[in-house]
Amino acid sequence: MREEIVFGFDLGTASQASAVRKGNEVIEAESFLMPEEFASTKDAAKRRSANRVRRAHRAREERLISLCRHAGIEVLASRAPDGTPGDPRLEREFAEKGDSTCYTSCLLRIKLLRGEPLDGWQVYKALHSAIQRRGYDKNIPWKEREHTTEEKDDAKKTASRLEETEKHLKEMTESPECRYPCYFDAWKMGLWDSQTNTLKDRIDHKAERARNFIMPREVLESEIRQLINQARKLYPEFPDADYVLYGKPRKAYASWYANQRKKFGIKQGAVSDWNGVLGQKIPRFDNRIINKCALISRLNVCKADDPLTWHVTFLMKLLNMRVMEKRHQRQLTPSEVQAWFNTKTSEAIKKRNQLKEKNCRDRQAEKLCNVWKITKTQWSRWCERNGLLALANHEVVESPRCGGRSRFSRPALRLLRELILSGQQPLSFFNQVLKELPKGLRSEDLDFLKLMPNAWEKICIPDRRDFVRVAAPEERDREIKKIINDPNNPVVRHRLKIFHERLLDMVSRHGEPNFVVLEFVREDFMGDKAKKKLEAFQKQRRRERKEARKNADIHGHFGQGALLKMELLKQQCGICLYTGKPLIEENIEEYDIDHIVPQGRKHNGSDSMFNKILTTTRTNRQDKGERYPYEWLAASGNWEAYQARVKAREKQLGRKKATLLLSEDAPELDERYTGLAETAWIAKLTQQIVCLQFGWPLGVRGSAKRVIVVSGGLVGRIRRKYKLNSILSDVSDSERQEKKNRKDPRHHALDAMVICYLPNWARDPDKTNFFRFPIGIHRDYFAQKIESVIPRFICRQKPKLEEMIYRKKTCKGQAVAIRRVELSSLPGEGRNFKVKTGIKKAVNILDPLIQEDVLRFLGSSKELTEQQWKAFCEKYISKNGTAVKKVALKYGSLDEYKDISKDHRGQYRRGEKHQGYFLYEDKENQKPSVKPVYAWASVYKTRQELEAQGHRIIEFLYSNCMIKILSDMNVERKGGKQEHIPAGTYRCSTIQNAAKAILKTASGEDRLVNIKYLIAAGVQRTG
């Protein structure tokens, strides 16, 4: 008889560990690591969006160019994508001394509007400048569609910026004919005097930026119309304004309207939308992939505003309602459900007729959807008429969702509605429908009815995706791919794919397992007490949101942002936790929602509710900045008062938020909070993948259960009981040894080994005794096994270029990269304030006089404080009498920098890390050497260059790659000592430019080795 084989998996977004147990022996344990953000498409999505904007803008420019050429207007060439300069008349904005020609775009538009004589190229430049903006339209035809919270917040911010621009336009002049973007730009730049209506040809030091202002679309359109009309006086062949603006339809957003699409043969969201200099692609809101029905998988889902969706949602909510009758709780009877449904059907018909009489189509679906709800008053009256008592939390039936898509197809919804209204048991209803199948349905389409509990009172809607059946291999693979590709989150999709590949690899080497154990899906292991606690929390959140909405309405605040602010204000008991100052409900729009752990590149905080707090704009944007509370307040002397404020309101804030506010390492805590939810989601989907792969049933209990999910809490208790945490501990303190050492990535493999021993105990429904390992399996056994585990990085992230821009400077005959930085930032801030760091940076200050002063001050005292340094920076004036706020720093040779400027004027960036390193033997002196491949360089071309020079390439290594050393090494250390490094597998952390490699052993220790020893011993990259 074959020994029992168990696969154990510890799954996460930044790691996947696995272990295999055969009998009582662990025969394999591995820990695989990956960057947490690997496979994320955030940056790619931004790039795609920017590319679409560029394409659209280029299309509008080409439209203008073709019209100008047809009319005989001289066209100026723009800068090419490869950086080739365009016509200097188009790129120049101000004339050189002695040249009276007007090049300034906004002034050319003003001159054209005034009818002043212009050359052809000046007319083109004026028109070209006018179409650079498209303006913001508050009345787009699709504004009434359902928006996400993020879209609503963005729209609110945009509206606020638009109001600011409109305010500036009114301040600028009282003359309506001058309230155009061209006058606004000239006014901000100091080129137009609104009082005297005169123009200047040069700017001075008082000039302001005219960018980042959102212009109303009607104002922009009006200006372009006037410009076109003036251009037609000079060039009669130039088309009329409507044609230039919107192409053949001569109407804005033409493809939004069905009659326009049919008349002109245009398509919504197609290139035809760009046939105008103000053309805009019309968004298609139903162009996403349509999902399959959760009950009849061969059919597509319907829209959520389908009346069938409302009917079934309403009926299912009625089934969940409870009433009190003669001191006993009960559900509604079939006849009572039928009566409520008939009442609401009559109301819906009446409402639809009223809307038809009024010819009211605006938001008609939403108004009809709102009929399918029961208010608290309606429910209490109905209960009173029928001698029933309404129960708390069972007094309202909310209206169904109106936007988006349903989870079910229309035939499935029709069957569900008939089942609930029939009052029959699901199996009886199945047999009845089977006798006379509705048109278009097959007998297997009714299988979901057999998955329901066979009682009308217990009707529930199953998701057939949770019921895995034994299938043919080709169908099995197709279903697994569907599960992997279904989630929207690209990180989750990638981790599922990695898990499936690991599963197949383990099966190929060890055969099909008897059990697979996963850690963890918390929802499956919540007891009644935990579920009640969760329900209570959710109800409390609903009450808080309802109260916040009510308070917002009272004070005239609107939008999702205002509701969240009101909710946070109550949580914080009406004060700013950072400063202790009161926050007033009437001024809610003036406050900011701050992320406790900032969302920038420095900390990458989450957008969860527990990471949000209400504060003033000044505190958020100026005082706190990109720091978390401890990083900001601990060094300021205000930490104790802040702690007291948070602890006094811990109950209102909640334990998670209060802990995060006071944590010394808030970014790690925030990451752990958000990571748990993603991990649980991955583990849930992996169950379906495992069951499909092996044809095991999902959802069964007892001895038939072969996919077992355990909680992280259980594994943690086992580790503590058997003192397994101390195996990887890096401290001597016995109390601290009891905590898991998360810095050692082998802890994932240790968890996977523990998990392998849990199946028999986890399947026991009683679990009367605490878990025990088999005889002979103890702490020393795990310590021995973990020694051979070397964590591997299985995903290699492409190096990125840094965001910072550097300039080229020649110092002592050598080209170096320089960058201007804040003088006050040299030693760091808060916890990161270090005088030594400041001195190291100050040595690279370009100006020798400033460098001398700064080094003298930083070296003046060993006890220099951050406050003293800030005071010095505030008052510092250089020897030439200039107040210095920023200094230029040298950052070394330009070898690893790339000029990314389009005009090749010297805007340099470098990679955050290299792509890797070639180890090669130099042709001339036969010595081992290292050639780095920079982030912007090509590995293939670098190899070709080395080979062309006659060098012998030994190996290409990159950060965290696995290498195999073929023979033992005796490495010479300082003082003549020698260190023996045995042959075997290591992880190469990095290669230094000084021709030294850092090798990481199985125990996590680093070994610094000169590459001459590696090459002599023989080195191979294994992954």
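Modeller: What follows looks at one helix pair and at the salt bridge beside it, and then turns to the chain as a whole. This is a predicted model, in which local features need pLDDT of at least 70 and side-chain atom pairs count only at pLDDT 80 or more, while totals for chains, interfaces and linings use all residues. Residues are numbered from 1 along each chain as its sequence is written, and side-chain values use heavy atoms, with hydrogens and water left out.

Helix H10 covers residues 307-319 and helix H11 residues 334-357; helices here are DSSP runs of H or I with at least four residues, strands are runs of E with at least two, and both are numbered from the N terminus. The two helices pack at an angle of about 145 degrees with their axes 11 Å apart, where axes are lines fitted to C-alpha atoms, for helices over the stretch in contact, and angles run from 0 to 180 degrees between N-to-C directions. On the H10 side the contact (heavy atoms within 4.5 Å) is made by His311, Phe314, Leu315 and Leu318, and on the H11 side by Val337, Trp340, Phe341 and Lys344. By class, this contact has six nonpolar residues, one polar and one charged, with Ala, Val, Leu, Ile, Met, Phe, Trp, Tyr, Cys and Pro counted as nonpolar, Asp, Glu, Lys and Arg as charged, and the others, Gly among them, as polar.

Asp306 forms a salt bridge with Arg410, the closest N and O atoms being 2.4 Å apart; the term requires a side-chain nitrogen of Lys or Arg within 4 Å of a carboxyl oxygen of Asp or Glu. Because Asp306 lies in the loop between helix H9 (258-264) and H10, whereas Arg410 is in helix H14 (residues 410-422), the pair ties together parts that are 104 residues apart in sequence. Asp306 is buried, with a relative accessible area of 12%, and Arg410 is partly exposed at 35%, given that buried means under 20% relative accessible area, exposed over 50% and partly exposed in between (1.4 Å probe, protein chains only).

As for the setting, the chain has 36 helices and 28 strands, and 43% of its 1023 residues count as buried. The structure holds 49 salt bridges, and among contacts between residues at least 6 apart in sequence, 65% join residues at least 24 apart.
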